[in-house]
Amino acid sequence: MTTVVDQPSTATPTNQRRARRRRTREIGGAGPWWALGTWIVTLIFFAPVAWMVLTSVHREADAATNPPSPFAPITFSNYGDLFDRGVRPYLINSATASIVSTLLVLLLAVPAAYALSIKPVEKWTDVMFFFLSTKFLPPIAALLPIYLIVKDAGMLDNVFTLVILYTSMNLPIAVWMMRSFLAEVPIEVLEAAQVDGAGLIRTLVSIVTPIATPGLAATSLICFIFSWNEFMFAVNLTAVRAATAPIFLVGFISSQGLFLAKLCAAATLVSLPVLIAGFAAQDKLVRGLSLGAVK
Amino acid sequence: MTALAPDAAVTAGTTQRRTARERWRLRGPLLPALIFTIVVTQIPFLVTIAVSTLNWNILQPSDKSFLGLGKYQSFAGLKNYGTVFTDSRLRTAVTNTVVLTASVVVVSLLIGLVLAILLDRKFPGRGLARTLLIAPFLVMPVASALLWKHALYNPDYGLFNGVLNWVWQLFGAAEGPTVDYVSKTPMPAVVAALVWQWTPFMMLILLAGLQSQPGDVLEAAKIDRASGLQTFRFITLPHLRQYIELSTLLGSIYVVQTFDAIFTITQGGPGAATTNLPYEIYLTMFRKYEYGEAAAAGVVVVAGTIIVATFALRVISSLFREEISR
């Protein structure tokens, strides 16, 4: 951790110069060994993802060799095969469940966040903590009643069941995130707008929206990520018509013979939307994961 | 769980003298979200508690209707809870859950801390390194479980044995060892896959903590000739404490719920060696069809989570107060 702490330098002028150079680099900077070490650790950590992508563009025979053959010829036929095997409806179901539930979450969370920050109701912190506490309840404990109710309502294997469940799963996160973004709107600006005679709509459109838009984008991406990746409700409440991408992955490996390259292609394909969303939102990711507690 | 919230003294001043009508107008935008959350999250838990007091196995003949949702055999009182605490499968599941959660959280916290410290300094390509490091958290959990099981752990052609074999051959041996990780060491295999997945989560929260350190204090420490280790021990670590607490607690709450990895990598096996509570509840519900027992186990999980969550809420509320008093 302390590889580049500058030593009080010995007398020779070259040493002094080196020490000075080190000192300037040290203000927030790190030496080459630090960089090298970090990069090695990073690449080891990233290796499984790289291996997944690499295997996905190999032929089955090259994917299952021992020792591994990373330099085998590249082919994209595995991805084509996935579409032949009908991955499309699964992707559409995943997209529907994630996008519709994210929109629903925003529709509910934005007004709520407004009532918790800009024009706060009394005991608003209590309300915030109520939302948060629902996020801590393990979903598995709700599976049985939800299964019974959904079955009774004839909503098994229906993508809108997932929409409702994902909305409730993400709503607390969205309320907390949006509140923390709306709280950044300076109160003086709002008061000034009021003094200048701006109504509620005008205030929302010209003052709140521009400040809150990045927050809105980050919140949607986080909700999208969690819905897209959800497995437990999807596997227990859907069968054929409403099954989502993770269900495709699990059902996929029951087939015989070599399947590793195709499995890797499928895993890469279904992870791609979230990888893109996550990289796009990475500055705000920590805020969403910690429910707005850490910026 | 609603009673865990801190008091709202902060806003008391601004909201005191309002008419009832005005108050409802303020509450208006909040109500849809609040009502939705109460209906979708609280009602199922009340139903779970109700079912946990019933003898209800759908494979056995039954005549009593439960709210029109199904037919159960008889009222059981607290019998199902007795089963939960005495049944050896469920007890194993409790132990496994604790072992799994504790090892995943501790190991990923430690690795996450090292990574956060490494990334806290500027170096060429820092942004890219951070992006690559959060990738494991973004890969779909089911995909990552399958990746570990088939592409990494597979004894014949998995990457781990493949690399071992390659290294062995490099040193002239005919063939490397063939280790069957998932059958020989099922729990560490699941833990390793989950640690890989959760380390970025820990790293991101800890990195945010490191970067929120006030620069002038670090500067002062440097002027006072504090060594790097001293600075870390006496300035960084105390500052980081609440971030460590937060990531530990949130991590535990999420990792306790692990279902995908168990379902995919080991199916709870061999035997019940890696069956955790969520997976056991799933088996009780959809393999043994013991609804009453499954519900009782669910209530026990909720109770356990509430204990952890109480501490988590305390940490979050202290961070939250700091933020709103700023």
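Guide: In this predicted model, 99 residues of chain B are in contact with 90 residues of chain A, where contact means that the C-beta atoms of two residues, placed from the backbone, lie within 7 Å. On the chain B side, helix H15 (residues 291-325) gives the most, with 15 residues. Helices here are DSSP runs of H or I with at least four residues, numbered from the N terminus. By class, this side of chain B has 73 nonpolar, 21 polar and five charged residues. Ala, Val, Leu, Ile, Met, Phe, Trp, Tyr, Cys and Pro count as nonpolar, Asp, Glu, Lys and Arg as charged, and the others, Gly among them, as polar.

Residues are numbered from 1 along each chain as its sequence is written, while chains are lettered from A and ligands numbered from 1 in the order in which they are written. As the model is predicted, local features need pLDDT of at least 70 and side-chain atom pairs count only at pLDDT 80 or more, whereas totals for chains, interfaces and linings use all residues.

Chain A itself is divided into domain 1 (13-81) and domain 2 (84-289), with bounds from an automatic or database domain assignment. Within chain A, 13 residues of domain 1 are in contact with 11 residues of domain 2. Helices H2 (32-56), H3 (60-63) and H4 (77-84) of chain A each give two or more residues to the domain 1 side. That side divides into five nonpolar, five polar and three charged residues.
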